[in-house]
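The stops below can be selected one after another.

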Amino acid sequence: MPDTLPNLGLPLLVPSQAQKTVTHNEALLILDSLVQLAVLDRDRTEPPGLPAPGDRHIVAAPAAAEWSGHDHSIATMTESGWRYDLPAPGWIGYDRGAGALVLFDGTGWGPLPLPELLANLGGIGVNTSPDGSDRLAVAADASRFSHDGSDHRLRINNAAPADTASVVLQSGWSGRAEIGLAGDDDLSLKVSPDGTTWTEALRLDAASGHATGAAVQQSATDTTAGRLMRADWGYGPGNLLGPVGESAGIPTGAVIEHGSNADGDYVRYADGTQICTRTLTGIAVGSAYGSLFRSAVLTASYAAPFVTRPTASGCCQSTSMCWANVRSSSPTQWGCALWSTEARGSETAELIAIGRWY
């Protein structure tokens, strides 16, 4: 039978041993040094100047002076001087100077690897208690998450698209807003006045990124105060000018459309108004008609057709007495004749027609 125990090296009493008190007291000294191991520090390489009985230190390497040769040992001050106990791998102690648990791994003492101890915990509470649902619970004025050199992401993962991955904002433990994935892959923002009735204010489609929801226009004619205007139903620099259009009387294109061709110029507005202009040149005003002279009746096409006959008018660009008799002969064409108090070989007429394009 061995003389000492395998873990702490406590000496054993043997039959017919003399002075058994010595062996017994030695075992007690070892227990007093190693049980509930709390040392004053672990960064000394030599003894302090005035140690008190019971003071314990972990000897730092390389040990010097009286501690020389006892690297990593537990040095305990006794009535008869320093005693040394060499730790075994896995021993844990408390460094009072550093306020930390330390572990001997067989070659040296180091911080206790807490990440391993914290794995797969049933719950963590910071200034409060977790429960079966909220396994991480924090009671504080704020929570701070920061980068560790570059980026930082907060990941919330659901089990499947039909499940929820969201952040809920509460007042008095009653829901008031929720943002995240709510049963599909679209980003949803919901609000509630009472925690029971919820309104989906905004939804961003996962495929297109386009927005819908109560905070967005519901139709092209929706002018509800406070709603966001859709780009395809509203007007701005991108669609103020361009081809106009309509569907069942509702504008579908730009606000103003301008064009020109061989038949003149036109301007169309989203409300259906259309204005056409045209300049006719080289008109002969020479046919006598009583005391006046007139031109032949001229016909010309509008630069853009009207839906019904428009209102037409015109004028001469002459410095003498000359006027134009203009009429709308059809939705696509107008007629014109010039009159003057004198014969003119070449006259210019400016024509304008106002009507509707739908």
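Which ring does the charged end of R356 sit over? Select R356 and Y358: the charged end of the arginine is over the ring of Y358, 5.2 Å from the ring centre. Keep in mind throughout that this is a predicted model.

Next, select R230 and W233. R230 lies over the face of W233, and the distance to the ring centre is 3.5 Å.

Now turn to pairs of rings. The whole structure holds 6 aromatic pairs. Start with F104 and W109, whose ring centres are 5.4 Å apart; their planes meet at 45°, so this pair is tilted. Both F104 and W109 are buried.

Move on to Y289 and W339. Here the centres are 5.2 Å apart and the planes stand at 85°, so the pair is edge-to-face. Y289 belongs to strand β20 (residues 287–289) and W339 to strand β25 (residues 333–340), so the pair ties together parts 50 residues apart in sequence. W339 has 14% relative accessibility and therefore counts as buried, the cut-off being under 20%.

Then select Y302, F306 and W334, which ring pairs link into a cluster.

The last stop is D186, in the loop between β11 (174–182) and β12 (187–191). Is D186 buried or exposed? Its relative accessible area is 15%, so D186 is buried. Show the backbone of A206 as well: the side chain of D186 reaches the backbone nitrogen of A206 at 2.8 Å. Beyond its neighbours within four places in sequence, D186 is in contact with G180, L181, R203, L204, D205 and A206.

Conventions: Residues numbered from 1 in each chain as written. Predicted model: local features only at pLDDT ≥ 70, side-chain atom pairs only at ≥ 80, totals over all residues. Heavy atoms only, no water. Helix = DSSP H or I, 4+ residues; strand = E, 2+ residues; numbered from the N terminus. Buried < 20%, exposed > 50% of the residue type's maximum accessible area, 1.4 Å probe, protein only. Polar contact = N/O pair within 3.5 Å; in protein donor to acceptor, adjacent residues only side chain to side chain. Contact = heavy atoms within 4.5 Å. Phe/Tyr/Trp six-rings, centres within 6.5 Å; stacked < 30°, edge-to-face > 60°. Lys NZ or Arg CZ within 6 Å of the ring centre and 35° of its normal.
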